[in-house]
Amino acid sequence: MTTIEETPAKTPRFGRAAKFSFAGAVGAVALGVGAVVALPALTASPAYAVEDTKGGNVRVQVNSPDDAAGLEEALAEHGIKAKVDFPPIGYVCDWERYEPAVVDDNGEGEAIELGETDEGEPFAAFEVNPDNYSLDGDITLVVEISEGAFDKDAENVMVTGLEAAKGEVGECDPVKDDE
């Protein structure tokens, strides 16, 4: 009787150059993906930033009028019920869209400040107490900033500011600002 022995198949081995080439390719792909992911953070300016302060308030910086709905969502993530609008230059939202309310601002008043970034880009910023505009409460923060606040060349920009509304806030119906 003849016995046949099978020889185990050889495992292919990479040469030293192939190993380094493979590792280099994986590293290059990882760097490329990292660069693509990091690129928007380096080149794009977000429309807004929302952050908690040490004092318990929420600070908001609005850099452009491009994402009112996103800003409302970001404020909700910080426990604030808000309606955000950016009427065109020379217009304000119709005041009859909500019932005004009074909130405790500790005598400080809630106001929008206009400024410029280090790059000279205009922004609007404000700070509010989230307890005044709780998601489960009946008071809504109304943020109304003219689109012109973000235009370096705009003149006579009307910034309505921050208001408190009782109950629902209707959609912004821009009306001519008669000052």
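**Chatting through a predicted model**

Biologist: Where does glutamate 73 lie?
Modeller: Glutamate 73 lies in helix H2, which covers residues 68-77. Helices (H or I, at least four residues) and strands (E, at least two) are DSSP runs numbered from the N terminus.

Biologist: And what kind of model is this?
Modeller: This is a predicted model, where local features need pLDDT of at least 70 and side-chain atom pairs count only at pLDDT 80 or more, while totals for chains, interfaces and linings use all residues. Residues are numbered from 1 along each chain as its sequence is written, and side-chain values use heavy atoms, with hydrogens and water left out.

Biologist: Thanks! Back to glutamate 73: buried or exposed?
Modeller: Glutamate 73 counts as exposed, because its relative accessibility is 53%. Buried means under 20% relative accessible area, exposed means over 50%, and partly exposed is in between (1.4 Å probe, protein chains only). The areas come from the Shrake-Rupley method with a 1.4 Å probe, and for residues only the protein chains shown count as cover.

Biologist: Which residues form the negative surface patch?
Modeller: Asp66, Asp67, Glu73 and Glu77 form it. Patch residues have over 30% relative accessible area and no salt bridge, with like charges joined within 9 Å and nonpolar side chains (Val, Leu, Ile, Met, Phe, Trp, Tyr) within 5 Å. Asp and Glu count as negative, Lys and Arg as positive, and His and the chain ends are not counted. A charge is placed at NZ of Lys, CZ of Arg, CG of Asp or CD of Glu.

Biologist: Zooming out, how many helices and strands are there in the protein?
Modeller: The protein has two helices and 10 strands. From the N terminus on, the elements run α-β-β-α-β-β-β-β-β-β-β-β. Of the 179 residues, 30% are buried.

Biologist: What order do the strands of the open sheet have?
Modeller: The four strands of this open sheet have the order E3-E8-E9-E5, with mixed pairing. E3 (82-85) and E5 (99-100) are the edge strands, each pairing on one side only. Two strands pair if DSSP finds at least two bridges between them.

Biologist: How many bridges join E3 to E8?
Modeller: Four bridges join E3 to strand E8 (residues 139-144), and the two run parallel. Lysine 83 stands opposite valine 142 in E8 there. E8 and E9 pair in the antiparallel sense over six bridges, with leucine 141 opposite alanine 164 in E9. E5 is joined to E9 (residues 161-166) by two bridges and runs antiparallel to it.

Biologist: What forms a salt bridge with lysine 83?
Modeller: Glutamate 72 does, the closest N and O atoms being 3.9 Å apart. That pair links distant parts of the chain, lysine 83 in strand E3 and glutamate 72 in helix H2, 11 residues apart. A salt bridge here is a side-chain nitrogen of Lys or Arg within 4 Å of a carboxyl oxygen of Asp or Glu. Lysine 83 also meets glutamate 171 in a salt bridge (3.6 Å, N to O). This second pair spans 88 residues, with glutamate 171 in the loop between E9 and strand E10 (174-176).

Biologist: Is lysine 83 buried or exposed?
Modeller: Lysine 83 counts as buried, because its relative accessibility is 12%. Glutamate 171, by contrast, counts as exposed at 63%.

Biologist: And what does arginine 97 form a salt bridge with?
Modeller: With glutamate 144, the closest N and O atoms being 3.6 Å apart. Arginine 97 lies in the loop between strand E4 (91-93) and E5 and glutamate 144 in strand E8, so the pair ties together parts 47 residues apart in sequence. Both of these residues are buried. Salt bridges that share partners join Glu72, Lys83, Asp85, Arg97, Glu144 and Glu171 into one network.

Biologist: What do E1 and E2 form?
Modeller: A hairpin with five residues between the strands, where glycine 56 in the turn has a positive phi of about 95°. E1 (residues 48-52) and E2 pair in the antiparallel sense over five bridges, and glutamine 61 in E2 is the bridge partner of alanine 49. E2 also pairs in the antiparallel sense with strand E7 (residues 122-128), over five bridges.
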